[in-house]
Amino acid sequence: MIDKSDLWFVIIGLGVGSYFLRFAFIGLVGSRQMPPWLLRHLRYTAVAILPALVAPLIVWPAATDGMLDPARLAAAVVTLTVGLITRNVFGAIFAGALTLYALLYLLG
Amino acid sequence: MSFTTAKTPDLHSVFWRGFRGGIPFVFVVGPFAVLFGVLATEAGLNILETLAFSVVVIAGAAQFTALQLMAEEAPTIIVLASALAVNLRMAMYSASLTPYLGAAPLWKRAFLAYFILDQSYACATVEYEAKPQMTLPERLAYFFGCVAPVVPAWYLCTYIGAVIGTQVPDSWALDFALPITFLALMAPMLRTPAHLVAAFVSILVSLLAAGLPYSMGLLVAGVLAMMAGAQAEVIFDRRKPAP
């Protein structure tokens, strides 16, 4: 269970930190030019962090006590594939959820 | 807030144009916020804490990251570092909005900074690029127009999610809503070979480094993947024939 004092520390710390990231350039740097290498790294933050967060959840799901689960693995593959092909977030979520429920029911 | 200038452009109509531009994003943000509300209450947060999370942090993916790591009982410093790493892209948005809005007074920039989101960034920059003749007051009006439908929807849907949260049965397998949502958000971002390289390194390292203590695998994978993406971009650009 999540500790309450830690929780508020995280909420406020994350709020202040996120605000600073948003304010940093438009507020402090103003119209000065950014070094290209920095912008180049920032461009990849989302695609660097999100897959690393998700991959272990897919391979070792908590709901199955860390056992690789065919239904969840298939749902992940379908979501990513549909997302790559259609570039449609809703379509991908829908296809993934459908795959998950169908396989959980069939294999259940 | 007054935007009066010498030629007094029709800022109301610009604001409402921005508002209409922001509406489609409500359909992305809304379900995402409901899901956050549901998962947060299932993790043991009450309605106030859940809502505070969305109002103070106002960044979906970072909130989910923090929630997931707290549920895994990762140390607070790792929770903060990882969630902020997810939000580093906000600094990039801030940087790329600066040429358009950087001339505004400091207090306006300090105010609008809170509203720099995936959605407002996408909505506003498309317009700014298409209409380079826009004045600063028009750009500000458009930006806040984009924000006006999206941010209230974010708060309201978080609240709805928090209220219905604990009534969602286990059979809905909501544990997997997070991976599916993140995969769906991620897929359209994989636009270039360099993005694919970053994502591949991210997956590989996060699985290999899963045994690292304090959930540090996420940070290690994130940093290495970011560097791999940036490096791949340089290499792929160099191979391109000169124009």
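How much area do domain 1 of chain B and domain 2 of chain B bury between them? I looked this up in a predicted model, where local features need pLDDT of at least 70, side-chain atom pairs count only at pLDDT 80 or more, and totals for chains, interfaces and linings use all residues. Residues are numbered from 1 along each chain as its sequence is written, chains are lettered from A in the order in which they are written, and side-chain values use heavy atoms, with hydrogens and water left out.

I began with the bounds, which come from an automatic or database domain assignment: domain 1 of chain B is 11-177 and domain 2 is 190-243. Their centres, taken over C-alpha atoms, are 25 Å apart. To the contact (heavy atoms within 4.5 Å), domain 1 of chain B gives 10 residues and domain 2 of chain B gives six.

I then turned to the buried area, the accessible area (1.4 Å probe) that two parts lose on being put together, summed over both. The two domains of chain B bury about 550 Å² between them, with 81% of it on carbon and sulfur atoms. On the domain 1 side, B:P75, B:I78 and B:S82 supply 55% of the area buried against domain 2 of chain B, more than any other three residues.

I also looked for salt bridges (a side-chain nitrogen of Lys or Arg within 4 Å of a carboxyl oxygen of Asp or Glu), and the count between domain 1 and domain 2 of chain B is zero.
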